Amino acid sequence: MAINPNTQFSNGAVYTADQANRFPRGVMAYNEVTTTDSTVTVEELQIVGSSFTAVANRYYRITYYEPQIGLPATAGAFALARIRLTNLVGTQLQLGIVQNAPATATSYSQPTVWVGTLTAGSTVIVGTLSCSSGTASATRSATAPAQLTVEDIGPA
């Protein structure tokens with residue numbers, strides 16, 4: 001579907017509902033977690049977004065951010081950050097990977113972003129983490145929380 005942006009407005013022009021609907025609607029859901037999870041092995045929920053009503057034919061930008069993922073001292077160990085619909089087994093929208101090259105414990109920040117359209121109706125987005133070998137940790141605090149943000153960025 002072609003994007004249908006607004007054109008420049010001029011003095012005296014009539015502002016229509018159609019033009020208003022072309023603007024981005026902004027943040028639709030925002031959640032954060034400040035508690036550290038130091039036992040990340042198999043895929044597990046890290047953050048559950050607030051329910052929001054998705055509208056068909058609109059683009060959404062979803063950002064799942066982990067401020068610090070600590071990987072074990074295993075060469076090639078990696079953590080997978082996923083954005084999913086609804087729950088732990090819901091449709092995967094995006095996957096982000098951080099990986100150790102040396103056999104040294106290493107920490108990374110992990111932003112994972114998805115842009116696309118969603119089915120109309122009540123929607124919940126979740127962020128999950130898993131570790132390929134050993135145990136990873138997701139370190140967070142009040143000043144460095146894990147965040148999940150859903151933004152309406154405009155019509156598709």
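**Salt bridges, strands and surface: a quick tour**

Q: How many salt bridges does the count come to?
A: The rule asks for a side-chain nitrogen of Lys or Arg within 4 Å of a carboxyl oxygen of Asp or Glu. Applied to this predicted model, the rule gives a count of 6 salt bridges.

Q: How many helices and strands does the secondary structure come to?
A: Some ground rules come before the tally: in this predicted model local features need pLDDT of at least 70, side-chain atom pairs count only at pLDDT 80 or more, and totals for chains, interfaces and linings use all residues. Residues are numbered from 1 along each chain as its sequence is written, and side-chain values use heavy atoms, with hydrogens and water left out. Helices (H or I, at least four residues) and strands (E, at least two) are DSSP runs, numbered from the N terminus. Read along the sequence, the pattern is α-β-β-β-β-β-β-β-β-β-β-β-β, which comes to 1 helix and 12 strands.

Q: What is the N to O distance where Glu-43 and Arg-82 meet?
A: The two side chains form a salt bridge at 3.5 Å.

Q: Is Arg-82 buried or exposed?
A: Buried means under 20% relative accessible area, exposed over 50%, and partly exposed in between (1.4 Å probe, protein chains only). Arg-82 has 13% relative accessibility, so Arg-82 counts as buried.

Q: How many residues apart in sequence are Arg-84 and Glu-43?
A: Their side chains meet in a salt bridge, with N and O 2.7 Å apart. Arg-84 lies in strand β6 and Glu-43 in the loop between β2 and β3, so the pair ties together parts whose separation in sequence is 41 residues.

Q: Where do the partners Asp-152 and Arg-58 lie?
A: Asp-152 and Arg-58 make a salt bridge, and the closest N and O atoms are 2.6 Å apart. The pair ties together parts that are 94 residues apart in sequence, because Asp-152 lies in strand β12 (residues 146-155) and Arg-58 in strand β5.

Q: Why does Asp-152 count as buried?
A: Its salt-bridge partner, Arg-58, is buried at a relative accessible area of 4%. Asp-152 counts as buried too, because its relative accessibility is 2%.

Q: Which backbone nitrogen does the side chain of Asn-31 reach?
A: Asn-31 is in strand β1 (residues 26-33) and is buried at 18% relative accessibility. With contact meaning heavy atoms within 4.5 Å, and neighbours within four places in sequence left aside, its partners include Ile-47, Val-48, Gln-147 and Leu-148. The side chain reaches, at 2.7 Å, the backbone nitrogen of Ser-50.

Q: What separates the C-alpha atoms of Arg-61 and Cys-131?
A: Arg-61 is in strand β5 (residues 58-71) and is partly exposed at 33%. Not counting residues up to four places away, it touches several residues, among them Trp-114, Val-150 and Glu-151. Cys-131 is 70 residues away along the chain, and the C-alpha separation is 25 Å.

Q: What is the phi of Thr-86?
A: Thr-86 is in the loop between β6 (78-85) and β7 (92-99) and counts as exposed at 51% relative accessibility. It isn't a glycine, yet its phi is positive, near 70°.

Q: Where is Asn-57 found?
A: Asn-57 is another non-glycine with a positive phi, about 65°. It is partly exposed, with a relative accessible area of 45%. Its place is the loop between β4 (52-54) and β5.

Q: What radius of gyration does the protein have?
A: The radius is taken over C-alpha atoms, and the globule rule is 2.2 Å times the number of residues to the power 0.38. The C-alpha trace spans about 65 × 30 × 30 Å along its principal axes. A compact globule of 156 residues would come out near 15 Å, but the protein has 19 Å.

Methods: Polar contact = N/O pair within 3.5 Å; in protein donor to acceptor, adjacent residues only side chain to side chain.
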